[in-house]
Amino acid sequence: MATRLKLYSFWRSSCSHRVRIALNLKGLDYEYKPVNLLADKQSDPEFEKLNPIKYVPALVDGETVVADSFAILLYLEDKYPEHPLLPQDPTKKALNIQIASIVGSSIQPLQNYPVLNFIEEKLDSQEKVKWTQYHINRGFTALEKLLKGCTTTYATGDEIQLGDLFLEPQIYGGIKRFKIDMSNYPTLARLHEVYMEHPAFQATLPEKQPDAPSSPEF
């Protein structure tokens, strides 16, 4: 009997959100293991064994432990090929990875809790918001240019792929948490509307997760 997957996640984490979408798309059952970042539960010794850098998500698949959302998504792609996340075409594959890299390297790390807490401590909460909005808008501007002229249902085709899994959690968080004006990004805004109609995205929304507060504040 196969061991049930375990996903260590935090409801508001966009990195965890990416993985939840992939698990949902691939039809994989998993146990949700909440890690409350606001209570510093990522520093618990047991979780640190899973991910020494103390970030969510972390995935446990039997004896295999994979941390970091990008690594988890690639692991799932190799181990569970249902609903492929990466196309075979080299150009489209590279576009998906480029989208993922912009979000995963140039936007999300600059808005995570350690960075924002540091800025608020050294400066103030207003500067923290300005910092975050600046980096999200910078990344969204690049993504909008990259996807200019996109006529397919999703970012890189008519099937949901890796790039989409990085885009929507970042767009969703940008709107809900950081009040980004999406009128500046018509392509991203259109994609957001399409994602919100898909069951795999609907089921994995932050506020629908078991550790989300009853009246969540982003």
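Student: Is Ser-14 buried or exposed, and why?

Tutor: Buried means under 20% relative accessible area, exposed means over 50%, and partly exposed lies in between, with a 1.4 Å probe and protein chains only. Ser-14 is at 11% relative accessibility, so Ser-14 counts as buried. This is a predicted model: local features need pLDDT of at least 70, side-chain atom pairs count only at pLDDT 80 or more, and totals for chains, interfaces and linings use all residues. Residues are numbered from 1 along each chain as its sequence is written, and side-chain values use heavy atoms, with hydrogens and water left out.

Student: Which residues does Ser-14 touch?

Tutor: Contact means heavy atoms within 4.5 Å. Leaving aside residues up to four places away in sequence, Ser-14 touches Gln-108, Gln-111 and Pro-169.

Student: Where is Ser-14 found?

Tutor: Helices (H or I, at least four residues) and strands (E, at least two) are DSSP runs, numbered from the N terminus. Ser-14 is found in helix H1, which runs over residues 14-25.

Student: How do I read the span of H1?

Tutor: The expected span of a helix is 1.5 Å times one less than its number of residues. H1 has 12 residues and reaches 17 Å from first to last C-alpha, close to the expected 16 Å. For helix H6 (residues 125-146), 22 residues should span 32 Å, and the end C-alpha atoms are 32 Å apart, which agrees.

Student: What happens at the ends of H1?

Tutor: A polar contact is a pair of N or O atoms within 3.5 Å; within protein, one must be able to donate a hydrogen and the other to accept it, and residues adjacent in sequence count only if both atoms are side-chain atoms. Ser-13 caps the N-terminal end: a side-chain oxygen lies 3.3 Å from the backbone nitrogen of Cys-15. Just after H1, Gly-27 takes a positive phi of about 70 degrees.

Student: How many residues of H1 are buried, and what covers them?

Tutor: H1 is mostly covered, with 11 of its 12 residues buried. The cover includes strands E1 (5-9) and E2 (30-34), and helices H3 (69-79), H4 (90-107), H7 (162-176) and H9 (199-202). In H6, the buried residues include His-135, Phe-140 and Glu-144. Among the elements covering the buried residues of H6 are H4, H5 and H7.

Student: How many aromatic pairs are there?

Tutor: Rings of Phe, Tyr and Trp (its six-membered ring) pair if their centres lie within 6.5 Å; planes under 30 degrees apart count as stacked, over 60 as edge-to-face and the rest as tilted. The whole structure has 7 aromatic pairs. Phe-10 and Tyr-113 are edge-to-face, 6.3 Å centre to centre with 70 degrees between the planes. This pair links distant parts of the chain: Phe-10 is in the loop between E1 and H1, Tyr-113 is in helix H5 (residues 113-122), and they are 103 residues apart. Phe-10 counts as buried at 2% relative accessibility. Tyr-113 counts as buried at 18%. Tyr-195 and Phe-201 are stacked, 4.9 Å centre to centre with 25 degrees between the planes.

Student: Which residues form a cluster with Phe-10?

Tutor: Phe-10, Trp-11 and Tyr-113 form one aromatic cluster.
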